[in-house]
Amino acid sequence: QGKQSAPYFCEKGDLDEAAVLGARLFFDRVKDIVIVRDPRDLLCSAIAFWKLRPEMALAMLASTVSRLARLARHAGPDTIVIRYEDLVREPVPTRQALSRFLDLDLLSQPETVAEPIPDSHRTSSDPAASIGRWRNDLTPYQVEACEVAFGALIRDFDYELSAARGRRRAPKDPIVAAEGKFALASFAENYAAESEDGLTSRRVLELVFGRDGTGE
């Protein structure tokens, strides 16, 4: 835009560690705004936007959510973590927090008309409708698999567990048995990597059965 000496700019960044550290390498002063969202709604959005099968969408989110959780868990003074839900439902307090963090006034600027989100980028009627959509869009089996896979982030950011999971108390060092393609997808792709709660998952037993080994 011809602004060679702009004092500030904002860039939507990648979650990879190389991208996060690269920004700090190239620029003197960097502040990160990390936005987290209910993983179950993320799953709904991934299924609708990417046209993926649920098990594939969950496997894709396994690495994304764990990176987000890691960034949030290790946030320093140059990083602020906000919830997508608060950005939509409580815009003024959220903008106040961002103003303090950035040392910029984001509230007294004249109101501008926001451009509508293109239909190709939107999988719900409006931002408010995208919150809690998992209650209608996901099956109970998919909800449970998602809560098992991303339980730490769901608890850390005060997202409400489904009624079935809310009555259970997870053991300190859980052993999880997964059956079926959807449940396996949440573990098989990332079983040797650090999970979102900072621990390392380890596969201890794998059963393959059936005449042609088609059961897993």
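Asp 158 sits in the loop between α8 (151-156) and α9, where helices are DSSP runs of H or I with at least four residues and strands are runs of E with at least two, numbered from the N terminus. Its phi is near 60 degrees, a positive value in a residue other than glycine. Asp 158 is also exposed, with a relative accessible area of 66%; buried means under 20%, exposed over 50%, and partly exposed in between, using a 1.4 Å probe and protein chains only.

Please keep in mind that this is a predicted model, in which local features need pLDDT of at least 70, side-chain atom pairs count only at pLDDT 80 or more, and totals for chains, interfaces and linings use all residues. Residues are numbered from 1 along each chain as its sequence is written, and side-chain values use heavy atoms, with hydrogens and water left out.

Asp 103 has a positive phi of about 60 degrees too, although it is not a glycine. You will find Asp 103 in the loop between α5 (91-102) and α6 (134-137), and it is exposed, with a relative accessible area of 66%.

Now to the helix packing. Two packed helices are described by the angle between their axes and the distance between the axes. Here, axes are lines fitted to C-alpha atoms, for helices over the stretch in contact, and angles run from 0 to 180 degrees between N-to-C directions.

| Helix pair | Angle | Axis distance |
|---|---|---|
| α2 (residues 39-50) and α3 (residues 54-73) | about 125 degrees | 9 Å |
| α2 and α7 (residues 140-149) | roughly 125 degrees | within 9 Å |

That angle makes α2 oblique to α3, since under 35 degrees counts as roughly parallel, over 145 as roughly antiparallel, 65 to 115 as roughly perpendicular and the rest as oblique. On the α2 side, Pro 39, Leu 42, Leu 43, Ala 46, Ile 47 and Trp 50 meet Pro 54, Ala 57, Leu 58, Met 60, Leu 61 and Val 65 of α3, contact meaning heavy atoms within 4.5 Å. This contact has twelve nonpolar, no polar and no charged residues; Ala, Val, Leu, Ile, Met, Phe, Trp, Tyr, Cys and Pro count as nonpolar, Asp, Glu, Lys and Arg as charged, and the others, Gly among them, as polar.

α2 and α7 are likewise oblique to each other. Pro 39, Arg 40 and Leu 43 of α2 touch Val 143, Cys 146 and Glu 147 of α7, a set of four nonpolar, no polar and two charged residues.
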